[in-house]
Amino acid sequence: MVDDVEKAVDFYTTHFGFAVNTNFAPAFADVVRGNLRLLLSGPESSAGRPMPDGRTPEPGGWNRIHFIVDDIASEVERLRDAGLIFRNDIVTGPGGQQILLEDPAGNPIELFQPAS
């Protein structure tokens with residue numbers, strides 16, 4: 001879910017190398033990168049309709065798309081220089097390093113560099 005389909009399309013095509021597959025903004029668009037197809041559903045899309053219990057789908061949760069990168073420090077620098085918003089700093093764990101940033105709707109994206 002995104003709150004502005006055009007802004008989301010611009011974000012993913014500009015910063016992460018996606019290409020537009022279809023664009024029915026302001027309701028919906030989908031972008032592709034290799035075998036990955038990312039659905040960008042706005043509030044006017046069928047995905048934005050309220051659930052039977054009244055809850056309305058909204059952006060900004062904790063489920064995230066995960067990009068594996070070769071050099072996390074340079075990717076973070078590139079994206080910070082472009083003005084992107086990060087939720088945290090790079091953290092290191094047994095499997096490698098990771099950091100979370102947000103798309104324009106507040107949806108999280110994880111950059112991950114596997115341990116050597």
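Buried means under 20% relative accessible area, exposed over 50%, and partly exposed in between (1.4 Å probe, protein chains only). This is a predicted model, in which local features need pLDDT of at least 70, side-chain atom pairs count only at pLDDT 80 or more, and totals for chains, interfaces and linings use all residues. Residues are numbered from 1 along each chain as its sequence is written, and side-chain values use heavy atoms, with hydrogens and water left out.

**View 1. Overview of the chain, with two helices and eight strands.** Helices (H or I, at least four residues) and strands (E, at least two) are DSSP runs, numbered from the N terminus. The order from the N terminus is α-β-β-β-β-α-β-β-β-β. The C-alpha trace spans about 45 × 30 × 25 Å along its principal axes. The chain has 116 residues, and 34% of them count as buried.

**View 2. A negative surface patch of Asp3, Asp4, Glu6 and Asp10.** Patch residues have over 30% relative accessible area and no salt bridge; like charges are joined within 9 Å, and nonpolar side chains (Val, Leu, Ile, Met, Phe, Trp, Tyr) within 5 Å. A salt bridge is a side-chain nitrogen of Lys or Arg within 4 Å of a carboxyl oxygen of Asp or Glu. Lys and Arg count as positive, Asp and Glu as negative; His and the chain ends are not counted. Each charge is placed at NZ of Lys, CZ of Arg, CG of Asp or CD of Glu. Accessible areas come from the Shrake-Rupley method with a 1.4 Å probe, and for residues only the protein chains shown count as cover. Asp4 sits in the segment before α1 (5-16). Its relative accessible area is 33%, so Asp4 is partly exposed.

**View 3. The hairpin of β2 and β3.** Strands β2 (residues 28-33) and β3 (residues 36-41) pair in the antiparallel sense over six bridges. Two strands pair if DSSP finds at least two bridges between them. Val32 has Arg37 in β3 as its bridge partner. Two residues lie between the strands, and Gly34 takes a positive phi near 60°.

**View 4. Gly96 in strand β7 (residues 96-102).** Gly96 has a relative accessible area of 9%, so this glycine is buried.

**View 5. Leu84 in the loop between α2 (72-81) and β5 (85-86).** Leu84 counts as buried because its relative accessibility is 11%. Leu84 and Gly95 are 11 residues apart along the chain, and their C-alpha atoms are separated by 25 Å.
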